[in-house]
Amino acid sequence: MATINGEVQQTQPARHQEVGHKSLLQSDALYQYILETSVYPREPEVMKELRDVTAKHPWNLMTTSADEGQFLNLLLKLINAKNTMEIGVYTGYSLLATALALPEDGKILAMDINRENFELGLPVIQKAGVAHKIDFREGPALPLLDQLLEDGKHGSFDFIFVDADKDNYLNYHKRLIDLVKVGGVIGYDNTLWNGSVVAPPDAPLRKYVRYYRDFVMELNKALAVDPRIEICQLPVGDGITLCRRIS
Ligand code: SAM
Ligand code: CA
């Protein structure tokens with residue numbers, strides 16, 4: 001242990017074993033404390049089941065973490081969301097967190113290029129009794145968003161969660177800003193991109209982290225100066241930037 005500015009720092013932090021763990025907290029023990037004290041004891045059984053299913057999948061690093069799932073669930077209830085969209089479903093952990101938060105007649109337009117992974121989690125979503133809220137569309141999100149705009153769906157979404165190809169986030173934003181209602185919220189996920197947004201240029205980064213980093217940083221800069229939204233970037237999970245449309 002060492003102290004910096006009076007705060008205790010762990011010199012050799014143990015790495016997390018949790019699936020989907022992306023915490024940017026300085027201390028892994030502190031993250032574990034949050035999970036064990038406030039998240040796991042209140043996690044619905046079906047969400048735990050979906051986490052267990054996902055843990056066995058080779059790409060489980062992509063899943064939303066349990067603390068972020070809890071955050072999304074509460075946020076949706078706080079804003080009384082009813083008509084929502086999700087871009088990037090994978091096995092559906094954030095989708096289930098959303099579906100459980102919505103009222104019985106709530107809707108989620110869910111998009112992913114991969115149906116197989118969605119179908120891996122679907123039995124658990126069905127068991128949870130919320131599958132009727134989900135309209136899953138297989139395919140790249142961009143043309144689907146263009147279609148929604150052509151169909152005149154402007155201003156019709158209360159909440160949109162974006163958790164897919166980071167190199168398209170700005171392209172999504174151009175469309176989503178018209179699709180979300182004034183007063184509605186867009187959540188862009190992974191905006192701290194594994195902490196790499198502050199990595200020095202010569203830092204040894206994994207190839208995909210390095211590739212997407214510039215896109216994430218471009219997005220962050222663009223959101224910060226966009227007068228159509230109010231924003232708040234939270235260090236939950238891998239960083240989530242909430243954007244409230246104001247005009
Ligand atoms: N939100 C998910 C969860 O809670 O498990 C995690 C999503 S994962 C990080 C990213 C997903 O985006 C993958 O399932 C991938 O297939 C999907 N994806 C990648 N490119 C896409 C695109 N152009 N359009 C739609 N989905 C895409
Ligand atoms: Ca994510």
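## Close-up views of a predicted model

View 1. W193 is buried, with a relative accessible area of 7% (buried means under 20% relative accessible area, exposed over 50%, and partly exposed in between, with a 1.4 Å probe and protein chains only). Before we look around it, two notes on reading these views: this is a predicted model, where local features need pLDDT of at least 70 and side-chain atom pairs count only at pLDDT 80 or more, while totals for chains, interfaces and linings use all residues. Residues are numbered from 1 along each chain as its sequence is written, chains are lettered from A and ligands numbered from 1 in the order in which they are written, and side-chain values use heavy atoms, leaving out hydrogens and water.

A search of the whole structure finds 6 aromatic pairs (rings of Phe, Tyr and Trp, the last by its six-membered ring, pair if their centres lie within 6.5 Å; planes under 30 degrees apart count as stacked, over 60 as edge-to-face and the rest as tilted). In one of them, the ring centres of W193 and Y212 are 5.9 Å apart and the planes are at 85°, so this pair is edge-to-face. W193 sits in the loop between β7 and α8, and Y212 in helix α8, so the pair ties together parts that are 19 residues apart in sequence (helices, H or I with at least four residues, and strands, E with at least two, are DSSP runs numbered from the N terminus). Y212 is partly exposed, at a relative accessible area of 22%. Y212 also meets Y211: here the centres are 4.8 Å apart and the planes stand at 75°, so this pair is edge-to-face too. Y211 counts as partly exposed, at 46% relative accessibility. Step back, and W193, Y208, Y211, Y212 and F215 form one aromatic cluster.

View 2. D163 is buried at a relative accessible area of 15%, and N190 is buried at 6%.

View 3. Look for H173 in helix α7. Is H173 buried or exposed? At 4% relative accessibility, H173 counts as buried. Setting aside neighbours within four places in sequence, H173 is in contact with I186, Y188, L223, D226, R228 and I229 (contact means heavy atoms within 4.5 Å).

**View 4. Salt bridges.** The whole structure has 13 salt bridges (a side-chain nitrogen of Lys or Arg within 4 Å of a carboxyl oxygen of Asp or Glu). E43 pairs with R51, the closest N and O atoms being 2.7 Å apart; E43 and R51 are both buried. D52 bridges to K48, with the closest N and O atoms 3.1 Å apart. These two are 4 residues apart in helix α2 (residues 45-55), so about one helical turn separates D52 and K48. D52 is partly exposed at a relative accessible area of 35%, and K48 counts as partly exposed at 34%.

K181 and D158 meet through their side chains in a salt bridge of 3.1 Å, N to O. K181 lies in strand β7 and D158 in strand β6, so this pair ties together parts that are 23 residues apart in sequence. K181 counts as partly exposed, at 31% relative accessibility, whereas D158 is buried at 12%. Salt bridges with shared partners also join R115, E119 and E138 into one network.

**View 5. A nonpolar patch on the surface.** L25, L30, Y33 and I34 form this patch, which together has about 360 Å² of accessible area. Patches take residues with over 30% relative accessible area and no salt bridge, joining like charges within 9 Å and nonpolar side chains (Val, Leu, Ile, Met, Phe, Trp, Tyr) within 5 Å; areas come from the Shrake-Rupley method with a 1.4 Å probe, and for residues only the protein chains shown count as cover. Y33 belongs to helix α1 (residues 28-39) and is exposed, with a relative accessible area of 53%.
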